Every structure is written in C-alpha cells, then in structure tokens.
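Subject: Structure handover

Dear colleague,

Please find the structure below, with the sequence beside it. My notes follow, and I would be glad if you read them with the structure open.

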Amino acid sequence: MPIASSNEQIFPRPLSQAPVLDPPPALVPQRAPLYGTGVSLEPMQAQLHAEELYLASHGDNGDARIWDYMTYGPWPDVKSYAQKLREQSASLDTVFFAIRPKETGTVCGQASFLDINAQNGVTEIGHIWFGPQLRRTRAATEALFLMLCHVMDDLGYRRMQWRCNAHNENSRNAARRLGFRFEGIFYNNLIFKGRNRDTAWYSILDDEWPEVREKIATWLQPTNFDGSGQPKASLSTMMAQRTPSQRGQ
C-alpha cells in the first residue's frame, strides 16, 4: 500500500515568518459537554460509559478492526476496558469524550483533544474510533465538527492537527474529508504492539478554517439529506473544490 497519495504534496508557507500580532488567548479545552443537533459529546466517565462503549467496539455488534491501528486495545472484558477508560478520564493532558448520537441514545464512539498547547493555540483531535452504528453517519461528522468549532472558534486556536498511521487509509481519508491538509510523514515515528509506525500529519490552520467550517456546516444542513438519511452532496467532493492552498504560493 502506498504511504502517500499522489495528490498530496508538501509546500513551504509564505506566512511562516509573519509576526503574530494577535496571539491566541491561551485557553485549554475543558471537560464539558459539547451539544449538537444530532449528537452530544460527554466527558469520559468509566462508570457511565464503559459498558456501552465496550459493546460498541467489542460485542456481537462491534468491530474488532477498530483496534488495528490504535496503540492500545482490544480488551477481554468490560472490567479491563473500564480500567483503561479510568486512565483516560484521569488524564491531565488529553481530554476524552464519549460520543452519543441522539438517534440511538447510546454512546458508540470516542474522540479526544490531545497535545494541547494553549499558549501557541495548537491541539489535535485523536484517539478516535466509531462503532459500526456511528460510522459514516451525519452524527459522526457533526461530533468532530463540534470539536473543531470549539477549539478554532470558542478558544481561538491557530492550528488543529490530525495524526494517524500512514497505512491507515480510512483515517487519512477522514482527515481530508474534514478539510485537513497533508503535511508529511514521520518515518519510524512509533513502535506500537511490536510493530513500526510511520505517522502521517495533517492540519487545518486558522486562515483556512472559515472556508472549512462553511463547507462542513453546509453539508450538515437537513436539506442535504434525503428521506433515508443519505447525503445528497459528498463532503469529500466539496473539500476538493475549496480554495487552493496558500502553503505553496
């Protein structure tokens, strides 16, 4: 499998030496719920979320392949999984959320803010997995959009990152679909589960965000979905038609 798609190129950025006249407010994402139209994100609590998240990722209706590219998991039972969620809930430098679609009412995925650098206005969305019932749904897209809006709009961050295993094509497609631009590969970046990991880097910058936000918000509009809940327009296509990157001009 190729590590880089043919349309992914690395460019210099002309604003790289520009003075920062309006630095970010240096605010840290809080462990507080994020509410959308069809989904809510709840601060991770093992006691509250472990059983439903375990069933969504391990049970008969789950998908063991969720853990193929994660640096941890799977677990043999709910008790051992709950211990991992306790660690995630207690983390001081990563803010974990459980994702609850309103349509089902049960949590069936997770995501987090990590590598939070509030003074420089930089963070990352990561530790993402969606159970089969959440995957490729409007709620899944809205969940990540809520996180992007919280950091870029509410907290005034300058950069949102996305990192993944360079061979995880699903994650790389998801990054591009949400408007992240490819930056490069860190080779031999990690060892996980006894295997080498080359890491692909993507980002959305503050001057790119308004257009990205508009396209995702447009895609999420009820008028974009038919009677069976299927989108009429492709978000990937919409992102492919956005303004060319200023990183190469």
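P74 sits in the loop between α1 and α2, where helices (H or I, at least four residues) and strands (E, at least two) are DSSP runs numbered from the N terminus, and the peptide bond that leads from G73 to P74 is cis, with omega near -5°. Please keep in mind that this is a predicted model, in which local features need pLDDT of at least 70 and side-chain atom pairs count only at pLDDT 80 or more, while totals for chains, interfaces and linings use all residues. Residues are numbered from 1 along each chain as its sequence is written, and side-chain values use heavy atoms, with hydrogens and water left out.

Residues in contact (heavy atoms within 4.5 Å) include H49, L53 and Y54 of α1 and Y81, L85 and R86 of α2. By class, this contact of α1 with α2 has eight nonpolar, three polar and two charged residues, where Ala, Val, Leu, Ile, Met, Phe, Trp, Tyr, Cys and Pro count as nonpolar, Asp, Glu, Lys and Arg as charged, and the others, Gly among them, as polar.

A second pair of helices is formed by α3 (residues 138-154) and α5 (residues 209-220), which pack at an angle of about 150° with their axes 11 Å apart, and α3 and α5 are therefore roughly antiparallel to each other. Among the residues that meet there are F145, L148 and M152 in α3 and W209, I216 and W219 in α5, and the contact of α3 with α5 divides into nine nonpolar, one polar and four charged residues.

Best wishes

How values were computed. Axes are lines fitted to C-alpha atoms, for helices over the stretch in contact, and angles run from 0 to 180 degrees between N-to-C directions. Angles under 35 degrees count as roughly parallel, over 145 as roughly antiparallel, 65 to 115 as roughly perpendicular and the rest as oblique.
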